[in-house]
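Welcome! Here is a short briefing to read alongside the structure. Take a look at the model first, and then follow the points below.

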Amino acid sequence: MLGLYIHVPFCVRKCPYCDFYSEKFSREKSEKFAEAVLRNLARYPVKFDTVYFGGGTPALISGKIAEILREVDYPENAEITVECNPDVVNEKVLAELKNAGVNRLSFGVQSLDENELKALGRLHGTESAKKAILLAHSLGFENISADIMLGVPRQTVKSLEQTIDGLCALPITHVSAYLLKIEPNTPFGKNPPEIPDEDGQAELYLAAVEQLEKRGFSQYEISNFAKNGFESRHNLIYWRAEQYVGIGPAAHSYYNGKRFAVTGNLEEFIENPVQREIVTDENPDKYEEKILLGLRLREGIPLDERIEKRLRLIPREYFRVEKGRVSLTPKGFLVSNQIIAAILG
Amino acid sequence: MAEKSYLDNIRNFCIIAHIDHGKSTLADRILEQTETVALRDMEEQLLDNMDIERERGITIKARAVRLKYHADNGEDYIFNLIDTPGHVDFNYEVSRSLVACEGAVLIVDASQGIEAQTLANTYLAVENDLEVVPVVNKIDLPSARPQEVKEEIENVIGIEALDAPEISAKMGINIHAVMEEIVNKIPAPKGDIEAPLKALIFDGVYDSYKGVIVYVRVKEGCVKPGDKIRMMASGAEFTVVETGYMGATELVPASGLKAGEVGYITASIKSIGDTKVGDTVTNAQNPADEALPGYREVNPMVFSGIYPADGAKYPDLRDALDKLQLNDASLSFEPESSVALGFGFRCGFLGLLHMEIIQERIEREYNLDIITTAPSVVYKIEMTDGTVRMIDNPTNYPDITLIAQSYEPMVNAHVYSPSEYVGAIMELCQNRRGVFKDMKYIDEKRVDLHYELPLNEIIYDFFDALKSRTRGYASYDYEMIGFAPSKLVKLDIMLNGEVIDALSFIVFADRAYERARKMAEKLKENIPRQLFEIPIQACVGGKIIARETIKALRKDVLAKCYGGDITRKKKLLEKQKEGKKRMRQFGTVEVPQEAFMAVLKLDDD
């Protein structure tokens, strides 16, 4: 499997918790950006099994996405995802994406609770998220994912359940549920909101897992849940330590055995004939990576002698062993940094 | 009238002062005045030549230097300035340095007046028949009150001080007057050059080429290269290779040393243990009848375990201790092992400062991360079978049923402080099981509080507590006075049901509960939450007297691994691996080194 990730670094405005690279959207820059993407794409004359437009807010440049996809070589059954903000998409945008070959949308819903949305500084209300998803479905998108956020200010197990209830009433196939992390170089980092404490976050996480499982969304990764057969093939490439090419500022790649990242600078990306890539790992330790990524997945990792020995220090409620593989339980996922360190340390 | 002798133009003296009253600065100024050191070689505080000494502004080891001074009377004098350590931990070394002199320049800070160490050192000097020459320093400070301080010196110490030079060593004011006082007030040494050799060892340093360089004051007779010498206390014999004087920046070889002179001897001496401070060097062929008085073995007072943070560094730690011991015979160590900490050393120190200095030097000069266990004093235990055991390691504390009576070391402590803090100091001393002896007014505003205290109560944080209760105005000094019967128990700490031997300590029985509770709290603060709940229990003789619980960790996850960026996850893993190196594994529990350090400081505030 080989994936292609395109980082679209444009936003109308930045959310206070987000520390991904993006710039203020401008038509002129987005045109130059698309040209630069095409230049760089030409350096990879290969077939991609998955394509993922992340951001930023890729739906802002739906027309450009169509142009770019025309130049990408992919098989008929490829998974082609675009991240969407509910307040950016309309019928025209969605139709454009559909015609361009996009077959999976990932909506940044975050919450269906007005209070929580406000606390997160999101532009859209709860209704626009529902409308956007229904519209996408009516236009023929059958694989729709929704992102929700856990541990946000004012969230309770009850308000979380309401969000999940609301989501599951919509035609979606996949949910990503991320614990809010306060990043230092964000408005939240500088002026931290009051969020649930460690124990509160753990409760919310476990409640989310339980609620989603109950509604037929099986947990297949720490933060990801899907109806049977709708697991994100693109993201699985990352977690299974397979290869992918990243294009765009701050995009990461694992290609030809090396891990490297593009510098996070839009100007530079537009001007350079070839994007500037900085090697982050010349020769990744495959064993280590398989463990630290594989333990994110429900499928887990193959058991070996070393892992078996290290597992003896870990309480049983955090992991399970089945068919020669070890995987973490939801409680185990919650403390996975510790468990991974215990196995690899 | 006696014939003029070379002795008439020698002055052997030291400088005594409370810490920070300007001893090293005055020494530097004297060196400048005598042009012993070219200005370009001047480094602040030349005599203190260890980094730590310069930074802490204290003299750890005595040093000596020979100077030439052209006096106002037209004569040239040899000054031998012997620098003394100012801290109570090194009292014995101080006393031996004093014995090498005929006089002492007493520095008193013009604004602070007399402090604990001023008195302690002055009394030592007077006891050893030294002529004490007072000078009042730091007169450049706005808060200086030289007249009052002089009266204080007269009233409290009882030496004439009204004509004492008022100086500023820092600004170089009136140093010349000090030089003349040294010439005129301090007596010339006496001694018979024909008598059998008696030379007092007051210091020694190890040199990898010459062996131990022994610093001596020749009291009687003479010594020269080729002589066979004997150390009268240790009995060790050597052949002198070199004799000479201590220049300010280097050793200056000379053909011999005679009575009254201060200098050095080398004799291919491999171990500093053979040249004990206070011992008498004599001629092996023509020995003196008796040694100079006052020699004693210096026994360590405070013990603690030192372990390498990284077990693989054990040989490096041994090497560091070996090298430190070359220059510091009062440091003792022997291998010990702890279930908790692995292989390390039980080290003995003269006091807490000595311990801190050694720890710091190991970390700084030898670049080793170390874990230190709680300091312990030596306890004397009478067993039911009539034998007596000395215990310096809680691990070896006998079973309570085998103990007839336990004893702990006591000190006589003097606290000097402005009188408004008397209440606070008395409360502190009482909390530390002190027995009030008496209280004297030094002047209208300052008192000398005399307490008898268990040494065990002052080795942890007494000085810190004293400082914080008196806004830093109080000073204290103590001397050992022997053992007193006590009720002692051994307190053990268990993590997840396992005794952590490195955290055990011996405590006064009535304090056990309070200490246990504080220990448990401190450990809870310092041990991070882990994958399972960890009970912390403190027990005496198997009975649990305090308990805390570290709750299981609930959340430690990198929820998002976005866009294939796994650099964060890897960085985190590296950080965790690095962190693990600073952890000690006890069964399934990981304890950070900081936890061992934190429990040493159980502040009672």
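D319(B) is partly exposed at 36% relative accessibility, where buried means under 20% relative accessible area, exposed over 50% and partly exposed in between (1.4 Å probe, protein chains only). This is a predicted model, in which local features need pLDDT of at least 70, side-chain atom pairs count only at pLDDT 80 or more, and totals for chains, interfaces and linings use all residues. Residues are numbered from 1 along each chain as its sequence is written, chains are lettered from A and ligands numbered from 1 in the order in which they are written, and side-chain values use heavy atoms, with hydrogens and water left out.

**Salt bridges within helices of chain B**

- D319(B) forms a salt bridge with K323(B), their closest N and O atoms being 3.2 Å apart; the term means a side-chain nitrogen of Lys or Arg within 4 Å of a carboxyl oxygen of Asp or Glu.
- These two residues, K323(B) and D319(B), are four residues apart in helix α7 (residues 314–326) of chain B, so about one helical turn separates them. (Helices are DSSP runs of H or I with at least four residues, strands are runs of E with at least two, and both are numbered from the N terminus.)
- K323(B) is partly exposed as well, at 41%.
- In helix α6 (residues 175–185) of chain B, K185(B) and E181(B) are also four residues apart, and they form a salt bridge with closest N and O atoms 3.0 Å apart.
- Of this pair, K185(B) is partly exposed at 43%, whereas E181(B) is buried at 17%.

**Where chain A meets chain B**

- The contact (heavy atoms within 4.5 Å) takes 48 residues from chain A and 31 residues from chain B.
- About 3600 Å² is buried between the two chains, and carbon and sulfur atoms give 56% of this; buried area is the accessible area (1.4 Å probe) that two parts lose on being put together, summed over both.
- E198(A), N337(A) and Q338(A) supply 18% of the area that chain A buries against chain B, more than any other three residues.
- Nine salt bridges are counted between chain A and chain B.
- One of the partners is E198(A), which forms a salt bridge with R529(B), the closest N and O atoms being 3.4 Å apart.

**A buried serine in chain A**

- S106(A) is found in strand β6 (residues 104–110) of chain A and is buried, with a relative accessible area of 5%.
- Leaving aside neighbours within four places in sequence, S106(A) is in contact with residues including Y52(A), T81(A) and D147(A).
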